[in-house]
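Biologist: I'd like to learn how to read a fold. Could you walk me through the features one by one?

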Amino acid sequence: MIDVASRPGSAEVMDILPTFFIPGAAKSGTSYVAHVLAQHPDIFIPELKELDFFSSWLDKMNVRRWPRDYRFYRQHLAPGQDAKQLGEASTVYFYDPETPSLIAEHIPEAKHVVVLRNPIERTYSHYWNQVKCGVKLDDFNTAILRWKEGDPWFRMLVEYSFYDVHLKRYVDCFGRDRVAVFLYDDLKKDPKRFFNDICEFLDVSPMPDSLDLQVRVNVTGVPRSAAIARLLCSDTLLHPFRRLPSTVLAPARRGLRWVRKLNYAQSTYPRMEAPTRRYLATLFEENVAELSGLIQRDLSHWLK
């Protein structure tokens, strides 16, 4: 057991902790991957994603989805305490520079499943996800050209796709053998092999034949009402339920997602303009080259 009395606001002992994490990247299929892995009999992942316990980033930005205390965290982990592998998925962990060292301090043997998507597609998908949540953003094709000086949202969208920077922090803290990188490309091409590769990394049996790969998670859409979308994406409606058992909170979240879908006016977003894609390909060229060397895979097709 681990004494965390030194943590602000906590004098508790953490007796149940994850054995592995899915830290990101955002808009790269992490929700889908977590949902499918949770079907494995030897793997438990809380239904409530983005618990964010090992991140202080959101506190600094005055954003807090859930209480950052161990009692809340534990109630969502406890149902899986006897599982061979107990996982947790929070995409903020990939970007918070303090998260890898904080996890390493308390769970040095933890493994990390990192799912990466073509950074150009990830950036564009993330933009439309913010639109779906009612965030008022400038036109993507014009604002992305001034991502350093313009709207801070665009700076975030771009910097979240600098995978090599974020991944190196995990490799430095845990070593290459405890950090496995899986590509969204491979998930689309051969999902069963994709998940069996993750199972091998986690040292569990291959995924069962009854695996449901057809579930859709975080579907795309453009809101009819931005104001309603902002309210439904803010988690404000769930704050009164935060202290209730996970058996109540998780269904409430599912119901909220269903209501969000009713507010969506269209299910797809337009294709990115060719000049914008070429600009992003140039912008990400150095980072993709660094990442290719780090994971020993040729990723040049991402930039074509």
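Predicted model: local features only at pLDDT ≥ 70, side-chain atom pairs only at ≥ 80, totals over all residues.

Biologist: What share of the 304 residues is buried?

Modeller: Buried residues make up 52% of the 304. Buried means under 20% relative accessible area, exposed means over 50%, and partly exposed is in between (1.4 Å probe, protein chains only). As for contacts (heavy atoms within 4.5 Å), take those in the protein with a separation of 6 or more: 74% of them are between residues 24 or more positions apart.

Biologist: Now the sheet. In which order do the five strands of the open sheet come?

Modeller: The general idea is that strands of a sheet pair through backbone hydrogen bonds, either parallel or antiparallel. Here the order is 4-5-3-6-7, and the pairing is parallel. At the edges sit strand 4 (43-44) and strand 7 (179-183), each pairing on one side only. Two strands pair if DSSP finds at least two bridges between them.

Biologist: How many bridges join strand 3 to strand 6?

Modeller: Three bridges join strand 3 (residues 20-24) to strand 6 (residues 111-116), running parallel. For instance, G24 has V114 in strand 6 as its bridge partner. Strand 6 also pairs with strand 7, in the parallel sense, over five bridges. There H112 stands opposite V179 in strand 7.

Biologist: On to rings. How many aromatic pairs does the structure hold?

Modeller: A pair of aromatic rings is described by the distance of the centres and the angle of the planes. The structure holds 28 aromatic pairs. Rings of Phe, Tyr and Trp (its six-membered ring) pair if their centres lie within 6.5 Å; planes under 30 degrees apart count as stacked, over 60 as edge-to-face and the rest as tilted. Ring pairs link F21, F53, F54, Y70, Y73 and Y93 into a cluster.

Biologist: Which residue lies over the face of F201?

Modeller: K111 does, 5.1 Å from the ring centre. R117 has its charged end over the ring of Y184, at 4.7 Å from the centre. A charge sits over a ring if NZ of Lys or CZ of Arg is within 6 Å of the ring centre and within 35 degrees of the ring normal.

Biologist: How many salt bridges does the structure hold?

Modeller: Eight. The test is a side-chain nitrogen of Lys or Arg within 4 Å of a carboxyl oxygen of Asp or Glu. One of them pairs K49 with E50, with the closest N and O atoms 2.6 Å apart. K49 counts as buried because its relative accessibility is 15%, and E50 is buried too, at 12%.

Biologist: What about R146: which residue does its side chain meet in a salt bridge?

Modeller: R146 meets D138, at 3.2 Å, N to O. R146 is partly exposed at 37% relative accessibility, and D138 is partly exposed at 35%.

Biologist: And where in the chain are D209 and K192?

Modeller: Those two form a salt bridge, the closest N and O atoms being 3.2 Å apart. D209 is in the loop between helix 11 (191-202) and strand 8 (222-223), and K192 is in helix 11, 17 residues apart. D209 is exposed, because its relative accessible area is 72%, while K192, at 39%, is partly exposed.

Biologist: Let's finish with single residues. Is N141 buried or exposed?

Modeller: N141 is buried, with a relative accessible area of 13%. The residue belongs to helix 7 (residues 140-143). Leaving aside neighbours within four places in sequence, N141 touches M272, E273 and T276. With T276 there is a side-chain to side-chain polar contact at 2.8 Å. A polar contact is a pair of N or O atoms within 3.5 Å; within protein, one must be able to donate a hydrogen and the other to accept it, and residues adjacent in sequence count only if both atoms are side-chain atoms.

Biologist: Where does A78 lie?

Modeller: In the loop between helix 3 (70-77) and strand 5 (85-89). A78 counts as buried because its relative accessibility is 19%. From A78 to L17 is 61 residues in sequence and 8.8 Å in space, C-alpha to C-alpha.

Note on methods. Residues numbered from 1 in each chain as written. Heavy atoms only, no water. Helix = DSSP H or I, 4+ residues; strand = E, 2+ residues; numbered from the N terminus.
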